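I opened the model to look up two things.

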Amino acid sequence: MCTGDHYGDGVPDTGERGHGGARGSGGHGQESAPGPGRDGARDADRERDEVLRFQERLGLPGLIDVHTHFMPERVLSKVWAYFDSAGPLTGLEWPITYRRDEDERLALLRSFGVLRFTSMLYPHKPGMATWLNGWAAAFADRVPDCLHTATFFPEEGAERYVREAVESGARVFKSHLQVGAYDPNDPLLDPVWGLLAEAGVPVVTHCGSGPAPGAFTGPGPIGRLLSRHPRLRLVVAHMGMPEYAEFLELAARHPEVRLDTTMAFTDFTEGFMPFPASQRGRLADLGDRILLGTDFPNIPYPYVHQLHALERLGLGDDWLRAVCHGNAHKLFL
């Protein structure tokens with residue numbers, strides 16, 4: 001769950017606050033993760049085969065994962081160090097399943113049949129976004145299967161650098177209201193939202209209050225934003241947990257609002273922020289606006305478990321095909 005990644009000292013214009021979560025129990029969430037050595041290689045092969053069997057059964061050409069994290073290596077090492085220290089946001093253990101170098105992580109995603117993915121990154125203070133956007137643009141240039149990702153912060157010049165990112169080919173933006181601790185209705189962001197709505201570029205937004213509420217999380221601030229920018233293609237990260245029902249209702253009222261599945265429905269998350277059974281019918285009703293997201297590589301369980309968690313919802317193969325490929329394909333490709 002991308003909440004408060006602590007970038008730490010020694011990284012240009014960075015310094016975020018921590019991720020957090022709770023350990024789930026049982027089921028696929030307890031599968032052993034692929035690790036180094038011969039046994040780890042066999043585990044990785046088994047997981048790859050299981051992911052590919054999932055796609056083959058559904059007749060999918062591959063997966064599109066709209067919520068993955070690629071960052072400058074020094075930044076990512078600080079994020080992992082924060083997880084290792086059981087950071088102060090929740091103080092709970094969070095093992096990193098895919099603690100590999102960048103090339104290995106890219107190879108893993110591709111071996112899983114992931115056709116497109118993102119490099120979600122985001123600032124927590126002024127002066128960071130331009131640097132992060134420069135890195136993400138260069139990453140997309142050398143990794144063509146990554147959707148060119150960008151970000152922003154409420155600051156002077158935000159409209160200018162967001163426009164530059166869009167004109168240079170940015171396909172998706174990330175906004176993190178919890179880490180950034182900013183109101184999406186900040187007047188400095190009004191031209192940014194308007195520009196993105198006009199351009200039709202989706203914005204994956206961490207606006208739910210999980211794992212701990214922020215000053216501007218929850219459906220209220222985002223609801224006010226959408227009342228002013230109803231054409232904004234907003235993707236609610238993590239299904240809006242724990243305010244699942246409220247964000248599903250927001251999506252029902254706004255045709256351009258979507259939700260990503262990142263960490264939702266997994267054993268890990270169900271242990272402390274369970275999805276309400278009463279809302280399962282609404283998942284089916286909004287099946288054309290739910291997108292696969294995982295939080296790879298910073299997840300505390302194998303990648304395949306997110307797919308298992310979606311499958312066991314029992315919403316049918318057509319729903320799974322749309323969520324894992326079709327909806328994102330229509331949005332991005």
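My notes on both follow.

I worked on a predicted model, where local features need pLDDT of at least 70, side-chain atom pairs count only at pLDDT 80 or more, and totals for chains, interfaces and linings use all residues. Residues are numbered from 1 along each chain as its sequence is written, and side-chain values use heavy atoms, with hydrogens and water left out.

**Helix packing.** I looked up helix α12 (residues 303-311) and helix α13 (residues 317-332), which pack at about 145° with axes 10 Å apart. Helices are DSSP runs of H or I, at least four residues, and strands are runs of E, at least two. Axes are lines fitted to C-alpha atoms over the stretch in contact, and angles run from 0 to 180 degrees between N-to-C directions. For contact (heavy atoms within 4.5 Å), I noted Leu307, Leu310 and Glu311 in α12 against Trp319, Leu320, Val323 and Cys324 in α13.

**Aromatic pairs.** I found 15 aromatic pairs in a search of the whole structure. Rings of Phe, Tyr and Trp (its six-membered ring) pair if their centres lie within 6.5 Å; planes under 30 degrees apart are stacked, over 60 edge-to-face, the rest tilted. Phe152 and Phe173 have ring centres 6.1 Å apart and planes at 40°, so I logged the pair as tilted. Phe152 is buried (under 20% relative accessible area; exposed is over 50%, partly exposed in between; 1.4 Å probe, protein chains only), at 0%. Phe173 is also buried at 0%.

Tyr244 and Phe275 have centres 5.0 Å apart and planes at 70°, so this pair is edge-to-face. Tyr244 sits in helix α9 (residues 244-253), and Phe275 is 31 residues away.
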